[in-house]
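Colleague: Please take me through the labels attached to this model, and set each value against the cut-off behind it.

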Amino acid sequence: MDFRSSEPSGPSGTDLLPATAATAVKVVIVGGFGVGKTTLVGSVSEIRPLTTEETMTRAGVEVDDVTGVERKTSTTVAMDFGRITISDELVLYLFGTPGQQRFWFLWNGLFEGALGAVVLVDTRRLEVSFDVIGRLEERGVPFVVAVNTFPESPSHPIDDLRAALDLPDEVPIVACDARSREASRDVLLALMRYLYSLSS
């Protein structure tokens with residue numbers, strides 16, 4: 001086979017960064033194992049997202065707590081990456097973190113230069129969010145909480161969720177379906193509004 005005749009491959013035209021883009025901002029999507037971070041990044045990104053999903057093996061069963069997500073077959077081992085063009089000059093980069101604590105050492109690089117974060121939570125397993133929120137508070141990273149509405153998730157009043165997560169009154173809590181582009185976009189808009197309120 002003559003490989004010299006093959007055209008070089010690269011990103012499709014729709015994946016190319018606009019030539020007019022002058023400013024890029026960074027938002028990190030965090031949460032416990034199996035709460036929907038990869039799904040959210042994939043649903044809202046305008047480009048095909050970069051994922052580092054790997055098949056879960058039996059070796060990980062003794063390391064990772066899969067309670068409540070027993071049917072999960074793959075997991076993020078480094079990060080997810082997506083992009084949204086806000087305007088001709090402004091681009092938003094999304095970085096999704098791995099959920100298992102054994103991969104949290106990767107957070108250090110992912111959070112450098114980030115404007116803020118979205119904490120995705122699952123009301124069936126709120127406890128997996130406690131350490132995540134604690135780490136953000138220790139770092140002083142502003143964040144909003146997005147409650148991913150899985151079909152079988154129990155619904156709780158916002159005040160009860162706020163108390164359970166020990167959140168200050170000013171931290172926004174919004175509902176979302178991570179599979180929906182519109183709902184995921186609204187979560188990011190809630191974060192932008194919150195960041196604007198902190199700066200003004």
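Predicted model: local features only at pLDDT ≥ 70, side-chain atom pairs only at ≥ 80, totals over all residues.

Modeller: Helices here are DSSP runs of H or I with at least four residues, strands are E runs of at least two, and both are numbered from the N terminus. Residues are numbered from 1 along each chain as its sequence is written, and side-chain values use heavy atoms, with hydrogens and water left out.

Colleague: How many helices and strands are there in the protein chain, and in what order do the elements run?

Modeller: The protein chain has five helices and eight strands, and from the N terminus on its elements run β-α-β-β-β-β-α-β-α-β-α-β-α.

Colleague: What makes strand β6 mostly covered?

Modeller: A residue is buried under 20% relative accessible area, exposed over 50% and partly exposed in between, with a 1.4 Å probe and protein chains only. Six of the six residues of β6, which spans 116-121, are buried. V119, which has its place in this strand, has a relative accessible area of 0%, so V119 is buried. For the protein chain, buried residues make up 40% of its 200 residues.

Colleague: Which residues point one way from β6, and which the other way?

Modeller: G116, V118 and L120 point one way, A117, V119 and V121 point the other way, and all are buried. In a regular strand the side chains alternate between the two faces of the sheet.

Colleague: How do you know that β1 and β6 pair?

Modeller: Two strands pair if DSSP finds at least two bridges between them, and β1 (residues 23-31) and β6 have five, in the parallel sense. V119 in β6 is the bridge partner of V30, and G116 in β6 is the bridge partner of V27. V27 also has a partner in β5, namely L94, and β1 and β5 run parallel with seven bridges joining them. The C-alpha atoms of V119 and G32 are separated by 8.7 Å, although these residues are 87 residues apart along the chain. On to β7 (residues 143-148), five bridges join this strand to β6, and the two run parallel; F143 in β7 is the bridge partner of A117.

Colleague: What is the handedness of the crossover from β6 through α3 to β7?

Modeller: This β-α-β crossover is right-handed, a term used if, with the strands pointing away from the viewer, the path from the first strand over the helix to the second runs clockwise.

Colleague: Why are the buried residues of α3 said to line one face of the helix?

Modeller: The buried residues of α3 (130-139) are V132, I133 and L136. Seen down the axis, they fall within an arc of 95 degrees, so they line one face; the arc is that of the directions from the helix axis to the C-beta atoms.

Colleague: Why is the aromatic pair of F81 and Y93 called tilted?

Modeller: Rings of Phe, Tyr and Trp (its six-membered ring) pair if their centres lie within 6.5 Å, and planes under 30 degrees apart count as stacked, over 60 as edge-to-face and the rest as tilted. A search of the whole structure finds two aromatic pairs. F81 and Y93 are 5.5 Å apart centre to centre, with 35 degrees between the planes, and the pair is therefore tilted. F81 lies in β4 (80-85) and Y93 in β5 (90-96), so the pair ties together parts that are 12 residues apart in sequence. F81 counts as buried at 19% relative accessibility, whereas Y93 counts as partly exposed at 22%. F81, Y93 and F95 form one aromatic cluster.

Colleague: What makes K26 a charge over the face of F95?

Modeller: The rule asks that NZ of Lys or CZ of Arg be within 6 Å of the ring centre and within 35 degrees of the ring normal. K26 lies over the face of F95 at 4.9 Å from the ring centre, and the charged end of R124 sits over the ring of F150, 4.4 Å from its centre.

Colleague: Why is D166 called exposed?

Modeller: D166 has a relative accessible area of 62%, so D166 is exposed. D166 has its place in the loop between α4 (158-165) and β8 (173-176), and its phi is positive, about 55 degrees, although it is not a glycine.
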